[in-house]
Amino acid sequence: MVQRTDAGTDLVRLARPDVGAAEAEAVAEVLESGQLTMGPKVAEFERGLAAACGTKHAVVVSSGTAALHLAVLALGIGPGDEVLVPAYTFPATANVVALAGAKPVLVDVDPETMNLDPERVAVGPKTRAIIAVDLFGRPARIERLPVGIPLLEDAAGALGAKRQGRRCGSLGVLACLSFHPRKIVTTGEGGAVTTDDPGLADAIRRMRHHGIEPRGDFEIAQPGLNYRLSDILCAVGIPQLARLEQLLEERTRIAAGYTERLRGVVDVPSADGGDVHGWQAYVIQVDGAAGLIAALRERGIEAQVGTYALHRLAAYSDQGEFPGASRVFDRAVAVPFHTRLTEPDLDRVAGTLTSIVSK
């Protein structure tokens, strides 16, 4: 059933996962097998993810946040340590550092890229890692970050993206993916950690499964968590991953359609020359974002903030001002973006947006 607005027009949804018969059949196969978790679909999905990211290991977990949490713990980060985190990102990026007992130190972002500004990065004596986010699928400029400090790549929305020919998900000593329904590949909920380091991969496997050693007899040297991803959800992800290039091509086409219609009206997203954007979301920048979001919603077009300026949240409000993050938060708008959008949908969204901005 098509959802209708109060005005009687069809609602243009912000996001919609591209799932169908293949995913349903894969789930039915798992249900019929009776092995719903810790089964063969987990290993199959992990092999596909490692291949897609160009890494030796991929370990699936229950969410992108779980992936970040375990990556921080695998690096041995804890009380007394500091981790540099972008001031403009989804709060999970900083939350996992705080939950490990360490301090997330906010670093301002470049308002153009919306990613960590390398010129603002200052490594201190307690800095144990840098988390660089490929925000909305735009690869971060990781080669400009300080060397000698472990880089954790938050590639939650960047599966399929590339930085100067290198695949996102392979740019740090560890990288984290998310399979939330707004991501290019979804399992409903889920995530993964990718790495070339076998020791780190084993640490992630151990901690996702109560601390049980991944090889040998049953043993728990240190307590862990239950962050496993079930075979049911992996079964959803396997056919999704098989269509990764097709899904990225479709999203790239839709992004290009928006850019053609909106260039000169608002600031449109892009990637550096030589990069491949992952297009997890299409986030424009324009003055008066809050008013624009409200106006679009009134006209039956779902819209949302891009993400969050962390220093404006109570948990991180003691770290001062971050003008780049504030500017982006005040100007960023995520517009409807998914593979079921039609050309008339793009015309309607862009036309409505243009009419509002032009007033």
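In this predicted model, R331 is buried, with a relative accessible area of 10%, whereas D287, at 60% relative accessibility, counts as exposed. R331 and D287 form a salt bridge whose closest N and O atoms are 2.8 Å apart. The pair links distant parts of the chain, since R331 belongs to helix α9 (residues 323-331) and D287 to the loop between β10 and α8 (289-298), 44 residues apart.

The structure holds 24 salt bridges in total, and the table sets out three of them.

| Pair | Closest N to O distance |
|---|---|
| D272 and R138 | 2.7 Å |
| R331 and D287 | 2.8 Å |

D272 and R138 form a salt bridge; D272 lies in the loop between α7 (244-262) and β10 (282-285), and R138 in the loop between β4 (127-133) and β5 (151-154), so the pair ties together parts that are 134 residues apart in sequence. D272 is buried, with a relative accessible area of 14%, and R138, at 5% relative accessibility, is buried as well.

R163 counts as buried at 4% relative accessibility, and D275 counts as buried at 13%.

D272, R138, R163 and D275 are among the residues linked in a network of salt bridges, which also includes D110, R141, E143 and R144.

Notes:
Residues numbered from 1 in each chain as written. Predicted model: local features only at pLDDT ≥ 70, side-chain atom pairs only at ≥ 80, totals over all residues. Heavy atoms only, no water. Salt bridge = Lys/Arg side-chain N within 4 Å of Asp/Glu carboxyl O. Helix = DSSP H or I, 4+ residues; strand = E, 2+ residues; numbered from the N terminus. Buried < 20%, exposed > 50% of the residue type's maximum accessible area, 1.4 Å probe, protein only.
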